[in-house]
There are 2 protein chains.
Amino acid sequence: MSAISVGLLGFGTVGKGVYETINKHQGRLQAILGKQVKVSAILVKNVDKHDLPDKDVLLTDDFQKIIELPKLDVVIDAIVGKEPGYTYLRQAVTRGCHVITANKEMFAHHGSELKTLAKEHNVSLGFEATVGGGIPIIQTLKQLLNANKIERIEGILNGTSNFILTSMREEKLSFETALKIAQEKGYAEADPENDIEGYDAFYKAVVLSELVFGKTPEWEKSTRKGITDISIEQINIASSLGLRFKHVASLEKEKNEVRCTVKPVLVGESHPLYRVEGVQNAVSIDADIVGNISLQGPGAGMFPTASAIVEDLIHLGTNDFPAVFEEDEAEGIEGGLPVWALLGEADHAKLPEDFEILGRISSDAVIVKASEEAVDSLDDTTLIAYQILGDHGFAEVLAEQVQPV
Amino acid sequence: MSAISVGLLGFGTVGKGVYETINKHQGRLQAILGKQVKVSAILVKNVDKHDLPDKDVLLTDDFQKIIELPKLDVVIDAIVGKEPGYTYLRQAVTRGCHVITANKEMFAHHGSELKTLAKEHNVSLGFEATVGGGIPIIQTLKQLLNANKIERIEGILNGTSNFILTSMREEKLSFETALKIAQEKGYAEADPENDIEGYDAFYKAVVLSELVFGKTPEWEKSTRKGITDISIEQINIASSLGLRFKHVASLEKEKNEVRCTVKPVLVGESHPLYRVEGVQNAVSIDADIVGNISLQGPGAGMFPTASAIVEDLIHLGTNDFPAVFEEDEAEGIEGGLPVWALLGEADHAKLPEDFEILGRISSDAVIVKASEEAVDSLDDTTLIAYQILGDHGFAEVLAEQVQPV
């Protein structure tokens, strides 16, 4: 009985974690899959840099040598960037290989094409590792979707930006110092833009949108804002109101369009994401029948991500893309204007009439209700607006706490 | 194409939720299962008490009439108590019906026999609804078990006792008043013993133990304590230390034995269960590869439980009991004595030598390290000991905050 032959693309942190986990769990994999799992080949950038104890693994910098192996059952994508990942996985699927990917940027851009191609070739396509590292977000959503319509998802999907925000608040650090520590600890890349500007979280939200709503978010209705404008002074004002800054990705379906927002927001103690600190990731899911479910865990790292990939390996052959139904169309999330904290020179602020002032907090903050458009068109450059997430009850409690005008 | 014929046992809160959810989701169920799902018969205690709009549903107080229906594919158990549920489900499995149960007491006692019987008859056995209501705990554990060994589970598995503890702390209520409110809100039964003494949580922990460790906890190593001894004074002392009372069920494997504990404990802000309030349920899972994952959501209620049952309905025919492996035996959770808060007349307390005093808090609390046996044999009746959950780092931080002796 021949082993399941795996081609592994990339041998960085994630790739090494996958290789080790597969080797360590042979007994378990064999018991579940009925066969051994053997990493036959690894694609690396520089062959001379790596030295594997297992000499019968093909270590190569040429993908063609892998895709032309006489036996190749699964290709695992542990490289980054849209290309060459997408081209390689297309070739793998076309050859009839199952594919598993941890590459969120590639999958956010080409997920739906790969899904279609995988269906045509009757192979499975695992992407649990693209979102939330070791937290089984994808499987949980698939499970919930069997009986529920998902109405909204809010998540902290990037551990680096969450680590920076947590460090700033807990250690009273500037953004720059917190970023430097994140880089020293290996949480942030030398070029941190992907994390702190919200690109990484946005890619992950796009993957979730396609899974849950069956479509990509509308680009012109979507927002992506980074956390670089947040100052320690703003964090202190928020703390005095019992609020914390979080870099939150949210997905909402309005009529037939999906709107994706990645931006820094303020959350209160009753919000499921309030206590998600450091490099942790979490998602809060609102579903029509079950209500709110939240999941939290390690969003990145060698072994959490490897765990997600190995979980996908177990599901080889179960090609279960959940169906997305339009049967009972949503009326949309119940209305009411969003609540915002305007931070800055709040005592000088003359706000337009379409701002309902809920309360003024001394000189540096005012809590308002206003539409997103009204906030966007606010031309007072001494004020920065942060949305306060939470239900309407929460906003009212907050308004009671602050002094009304 | 004939519909999937369902026999529903029980038409209380959960049964009604299942009936409504199945009817509401016909389109979805048909798309996924390829067939309509039809509730053919409902078992009730008193036929005269119920009036169904759908007149071709057999409403009966006689299970034999249901099990002898010419066509019966699935039996859903939404009744309570070991019997007659177990007998009915045995009959159903023996006839070749798939079964789905929400009955934790029955399943804690007879789960393993039913699993064996279901395997013999090649039918599926769904029990997602037995633990954590609408939170997909069972599926998540199955998913994690594919790549991980689970080392420990801690959970708030009973919404009633958690609601009482939350109300006592937030509203400064006595246990009796909080219980009365829980009863008025319909969270607690007229006879609340099952919830407040921890039986319900213990049944759920047994179900998790069999899933995760493949065995029932050792009874003589297990503990079940209720929350009736907790006073508002104790809650206030705990709050002053930054700690909250939670009624926690925990499962740990030591060597080849599983130890189950349900008891009130104290948790600090960094613990995953600290912010789980009201009727919410949550589990915190420590797994060897992925690390700590936590899930939170509605642990009971008509539609959350119905959602879990309908999710099981989707998995009909996938008879995936996860294999449990002994291959790489655990060294056990890393050692160190547990940390306890001794509440009561702490300044008079003369503690035995096997208690390491970490700090004394004025007159009514002392923080100690001691073995469970030492605490059990403490014969000072003016003190009550509550374990403080959390890692060792947390205990050290707490010890620093309190005044050392």
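The legends below describe close-up views of a predicted model. Residues are numbered from 1 along each chain as its sequence is written, and chains are lettered from A in the order in which they are written. Local features need pLDDT of at least 70 and side-chain atom pairs count only at pLDDT 80 or more, while totals for chains, interfaces and linings use all residues; side-chain values use heavy atoms, with hydrogens and water left out.

**View 1. Two chains related by a two-fold axis.** Chain A can be laid on chain B with an RMSD of 0.1 Å by a turn of 180 degrees and a shift of 0.0 Å along the axis, where copies are superposed by least squares on the C-alpha atoms of residues with pLDDT of at least 70 in both. This is the relation of a two-fold axis. Within chain A, the C-alpha nearest the axis belongs to A:Leu295, at 2.2 Å from it. The same surface serves both copies, since 100% of the contact residues of chain A recur in chain B, contact meaning heavy atoms within 4.5 Å.

**View 2. A stacked pair of phenylalanines in chain A.** A search of the whole structure finds 12 aromatic pairs over all chains; rings of Phe, Tyr and Trp (its six-membered ring) pair if their centres lie within 6.5 Å, and planes under 30 degrees apart count as stacked, over 60 as edge-to-face and the rest as tilted. One of them joins A:Phe107 and A:Phe127, which are stacked at 4.7 Å centre to centre with 25 degrees between the planes. This pair links distant parts of the chain, with A:Phe107 in helix H5 (residues 104-120) and A:Phe127, 20 residues apart from it, in the loop between strand S6 (125-126) and helix H6 (137-147). Helices (H or I, at least four residues) and strands (E, at least two) are DSSP runs, numbered from the N terminus. A:Phe107 is buried at a relative accessible area of 1%, and A:Phe127 is likewise buried at 1%; buried means under 20% relative accessible area, exposed over 50% and partly exposed in between (1.4 Å probe, protein chains only).

**View 3. An edge-to-face pair between two strands of chain A.** A:Phe245 and A:Tyr386 form an edge-to-face aromatic pair, 4.7 Å centre to centre and with 85 degrees between the planes. A:Phe245 lies in strand S9 (residues 244-254) and A:Tyr386 in strand S16 (residues 383-389), so the pair ties together parts of chain A that are 141 residues apart in sequence. A:Phe245 is buried, with a relative accessible area of 5%, and A:Tyr386 counts as buried at 3%.

**View 4. A buried lysine in chain B.** B:Lys204 is placed in helix H10 (residues 199-213) of chain B and counts as buried at 5% relative accessibility. Leaving aside residues up to four places away in sequence, B:Lys204 touches B:Lys104, B:Thr130, B:Val131, B:Leu157, B:Asn158 and B:Asn281.

View 5. A cis peptide bond joins A:Glu83 and A:Pro84, with omega about 5 degrees, and A:Pro84 lies in the loop between strand S4 (74-77) and helix H4 (85-95) of chain A. In chain B, a cis peptide bond joins B:Glu83 and B:Pro84, with omega about 10 degrees. A:Lys255, although not a glycine, has a positive phi of about 50 degrees; A:Lys255 is found in the loop between S9 and strand S10 (257-267) of chain A and counts as exposed at 70% relative accessibility.
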